[in-house]
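Have a look at the chain below before reading on.

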Amino acid sequence: MKKRTTKPYDVCVVGGAGHIGAPLAAVLAKKGYRTLIHDLNRQAMDTLAAGKMPFLEEGGEAMLKEALAADMLGFSAKVSAIQGVPYIVLTIGTPVDEFQTPVLRVLTDCVDLLLPYLSDEQTIILRSTVFPGVTDYLHGYLRERGRKTLVAFCPERVVQGLAIKEIQSLVQMISGSTPEAEESAAKFFSKVARKIVRLTPMEAEFAKLFCNTYRYLQFAAANQFYMMTTAAGLSYARIRAGLMEDYPRMRDLPGAGFAAGPCLYKDTLQLAAFSDNQFSLGTAAIQVNEGLPSWIISRLRQQYALKEMTVGLLGMAFKANSDDARASLSYKLKKLLKPHAKTVLTTDPFVQGDKDLLPLEEVIRRSDLLILCTPHAAYAKADLRGKPVFDLWNFFNK
Ligand SMILES: NC(=O)c1ccc[n+]([C@@H]2O[C@H](COP(=O)([O-])OP(=O)(O)OC[C@H]3O[C@@H](n4cnc5c(N)ncnc54)[C@H](O)[C@@H]3O)[C@@H](O)[C@H]2O)c1
């Protein structure tokens, strides 16, 4: 893949074809930074180079096309392309492993690849969500290898799907492992974000993890309230609506629903790992949120002869109006349900690459029972043919 011109780049987004990297790259280009995307995923880079977002991102495609037309965005599969680019923003995935602990190796492996092309004049901005202490660790890792490259941590806090808007409207947390690194990152982001706030790297690492974990705890509270009230034969949605009526102190109480996806669970685990697995609130939240699919099956087994029924799952993405099926609880439900039902059918209007997905109408027609897993707006108008629906979200308001 070739660069379009020989004009120098201001910034390279490493992992720039991913969910966080791609919208960020488009916004950076719009803000006047000539931006290079470097990613291991050539197919996703080709899609972007053709002016298409590899996933749903509101306003993403228009901004991408604009950046390409203005020659503000380039692509390279070669890591050597980072040479001489003043800012390198890392947006690679930061997963947890089979022991449910963070995999630092993905970051050091990435830095090892960059190392031959890094100079002391560059700034690495870590944007992936990391375990507390990782930014300073990477600073030391580079120093041990003879590089004085500045290292900053400026976490991403957007909600997936609305990144284009939120990158520009949210407050950006800035931190650096030295005052020069913090200053360099502040200079970079003052052109992009509405406002910046400065923290130390450890503070910013905790702050980002707290944002995701707190959301996860809130969802767990709602889901536990839901299970409790349902067991009592009551509607959580009705109770919630009643208690929220003109009562602003409870405006943050979420409705029930699957709390999943690539971030919330993983980041709760990162905090748990940091606190020597003594994060009891976090582990309780995981138990509640991850336990919801099997709780649903238990309830349905009490009500229906599932073994004789075809069950249709509506929505396989991890959240509404998204095409992202990563760590979606719909798939956990599908897997757990299979031994208990005659057949399990699945549908989703956005998810790509799942050969089992069927058209919505077919799933509704063939199913004896439906479970609304993901409340995509498109389902509001669906003709459910009077079939019974298990509606955890109270989406159909029945
Ligand atoms: N998805 C979200 O909503 C969200 C929100 C805030 C923060 N984050 C954090 O952002 C980070 C990225 O998440 P994501 O959802 O964009 O992941 P993603 O998997 O969609 O994107 C990561 C990209 O990095 C690329 N990559 C991996 N290793 C590479 C390497 N060594 N060199 C070049 N490219 C490489 C992958 O090919 C992929 O395209 C994670 O730390 C995540 O926790 C995600």
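First, the ground rules. This is a predicted model, in which local features need pLDDT of at least 70 and side-chain atom pairs count only at pLDDT 80 or more, while totals for chains, interfaces and linings use all residues. Residues are numbered from 1 along each chain as its sequence is written, and side-chain values use heavy atoms, with hydrogens and water left out.

On each side, 16 residues from domain 1 and 16 residues from domain 2 take part in the contact, where contact means heavy atoms within 4.5 Å.

How much area do domain 1 and domain 2 bury between them? It comes to about 1,300 Å², with 57% of it on carbon and sulfur atoms. Buried area here is the accessible area (1.4 Å probe) that two parts lose on being put together, summed over both. On the domain 1 side, Leu56, Gln100 and Gln160 supply 38% of the area buried against domain 2, more than any other three residues.

As for polar links, eight residue pairs are in polar contact between the two domains, both partners at pLDDT 80 or more. A polar contact is a pair of N or O atoms within 3.5 Å; within protein, one must be able to donate a hydrogen and the other to accept it, and residues adjacent in sequence count only if both atoms are side-chain atoms. Salt bridges between domain 1 and domain 2 number zero.

**The nonpolar cores**

The largest nonpolar core has 41 residues, and Ile296, Leu313, Leu337 and Ile371 have the most contacts inside it. A nonpolar core is a set of buried Ala, Val, Leu, Ile, Met, Phe, Trp, Tyr and Cys residues joined through side-chain atoms within 4.5 Å. Buried means under 20% relative accessible area, exposed means over 50%, and partly exposed is in between (1.4 Å probe, protein chains only).

The elements giving two or more residues to this core include α8 (201–231), α10 (264–274), α11 (280–303) and β9 (310–314). The largest share, eight residues, comes from α11. Helices (H or I, at least four residues) and strands (E, at least two) are DSSP runs, numbered from the N terminus.

Is Asp267 buried or exposed? Asp267, in helix α10, is buried, with a relative accessible area of 0%. Its side chain makes a polar contact with the side chain of Asn212 at 2.6 Å. Beyond neighbours within four places in sequence, Asp267 is in contact with Thr129, Lys208, Leu209, Asn212 and Thr213.

**Salt bridges**

The structure holds 13 salt bridges, each a side-chain nitrogen of Lys or Arg within 4 Å of a carboxyl oxygen of Asp or Glu.

| Pair | N to O distance |
|---|---|
| Glu66 and Lys30 | 3.8 Å |
| Arg198 and Glu183 | 3.1 Å |
| Asp356 and Lys334 | 2.8 Å |

Glu66 in helix α3 (residues 60–69) and Lys30 in helix α1 (residues 21–30) are 36 residues apart. Glu66 is partly exposed at 46% relative accessibility, and Lys30 is partly exposed with a relative accessible area of 46%.

Arg198 belongs to strand β8 (residues 195–198) and Glu183 to helix α7 (residues 179–190), 15 residues apart. Both ends are partly exposed: Arg198 at 39% and Glu183 at 45%.

Asp356 lies in the loop between β10 (343–347) and α13 (360–366) while Lys334 is in helix α12, so this pair ties together parts that are 22 residues apart in sequence. Asp356 is partly exposed at 43%, whereas Lys334 counts as buried at 10%.

There is also a network of salt bridges linking Lys7, Arg34 and Asp71.
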